[in-house]
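Here is a short tour of one structure for someone meeting it for the first time.

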Amino acid sequence: MTRTVTSRNRNPIDYSAMGVLSAAHSLNDLYANYIPALLPFLVLSLGLNATKAAILVSAFSLASSFAQPVFGYFLDKQGIRWFVHVGTLWMAVWLSLCGYINNFPLLILICALAGLGTAAFHPQASTMISVIAKQKRGILLSLFIAFGNIGFALSLLILPPFFAHFGLKATLFTVIPGIAVAILLYFFAPKQEYLKGNSIPFSEVLSSLGSASRELIIIIVVIAIRALVYSGILTLFPLYFSTKTLIISWNNLMFIMLFCGALGGVLGGFLSDRFGRKKITVISLILTTPLFFAFINSTGIISTVMLAFAGASLLSSFSVTVVQAQEAIPNNKSLASGISMGLANGVGSLLVIPVGRIGDLYGLNNAFIVLFILPVIAGFVALFMKNDRTAKE
């Protein structure tokens, strides 16, 4: 047993497997941003207001987020490889039906069912990356997450023009990339050797969570606040920009923010391996608030540049906090991924609904003020983290 483990640790990092997972993550997160990209068309078709738009986004996010820790626990226990490709296909199928649903409650259900697909994909895929990345998990997990964020960003360049040209019924054709990537994952995702389940009793898992509870609670609060800001911007910016005369279209502006956020995530993961997770998390979140206010209070190219920096700053701690959760409970990496990428993000997404209500009652500008203040609060909460490890520790 010892000889096998030593040999495996000496093997080089499997970059081809990382490439397949990262490419799949791009498509998976492109689908994860499907509902915000579709919102302007649903608003015209169904007459949705900001509150109902937030409910749709939250239905997807909540189903995804709160299911992830459950999936994560069973993945740690069983090592189920097929979640990555089945989850991707499941999400693609349900989302492809959105253009055919005219009943709002049924549309909420469809969005929630689609969210379960990404809930299955993320804990398994991020655990695969964490295992094969070995000591470089900070930078390599950040690259994996960056591919997802790039897919998230590309959705705003690809989907709105597609729906504008072909109409809502064209959602049916968006299932095709999901089928193709599910087949790719079936054949080329990391094999079962990476996914040895453990037989740790549930009581020991609870004990592990209890011993790391203080650190995990702080991580969850930080991620939840960041997710609220992120989801709130994705939900409300399209509604806000649709009422303005813009030099750059709203979907291009959102792409700039999200693409720079992906680059910021890579930089954050790289720096966290060298200078510590806590430092990067605190500094990046505190910087985000003034950058967003600079964006909203400026015009032209300066405003666009400020939005780009704000996106990079907001998302530079994305992968860092996932690694922090995995380091807090190292024997339950899938569960840690489910908590950090799922549960915490779900809490934040749930709070988008009252922010949307603020937008309806007091105007979108006031809703943005609330959102833009929150990152600095998250930064100060992160000061209480005790985990400040580097890759050398």
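This is a predicted model: local features need pLDDT of at least 70, side-chain atom pairs count only at pLDDT 80 or more; totals for chains, interfaces and linings use all residues.

The sulfur of C98 sits 4.7 Å from the closest cysteine sulfur, the one in C111, and that is too far for a bond. A disulfide here means a pair of cysteine sulfur atoms within 2.5 Å, and by this rule the count is 0 disulfides.

Residues are numbered from 1 along each chain as its sequence is written, and side-chain values use heavy atoms, with hydrogens and water left out.

Are the two cysteines buried or exposed? The table has the answer for them and for two further residues. Buried means under 20% relative accessible area, exposed means over 50%, and partly exposed is in between (1.4 Å probe, protein chains only).

| Residue | Relative accessible area | Class |
|---|---|---|
| C98 | 1% | buried |
| C111 | 1% | buried |
| S142 | 1% | buried |
| H25 | 1% | buried |

Now for H25, which lies in helix α2 (residues 15-32). Helices are DSSP runs (H or I, at least four residues), numbered from the N terminus. The side chain of H25 reaches the backbone oxygen of F144 at 2.7 Å. Setting aside neighbours within four places in sequence, H25 is in contact (heavy atoms within 4.5 Å) with F121, H122, F144, I145 and G148.

S142 belongs to helix α7 (residues 137-166).

Last stop, a pair of helices. Two packed helices are described by the angle between their axes and the distance between the axes. Helix α12 (residues 277-296) and helix α14 (residues 318-328) pack at about 140 degrees, with axes 10 Å apart. Those axes are lines fitted to C-alpha atoms over the stretch in contact, and angles run from 0 to 180 degrees between N-to-C directions. Which residues make the contact? From α12 they are R277, K278, I280 and T281, and from α14 they are V320, T321, V323, Q324 and E327.

Notes: Helices (H or I, at least four residues) and strands (E, at least two) are DSSP runs, numbered from the N terminus. A polar contact is a pair of N or O atoms within 3.5 Å; within protein, one must be able to donate a hydrogen and the other to accept it, and residues adjacent in sequence count only if both atoms are side-chain atoms.
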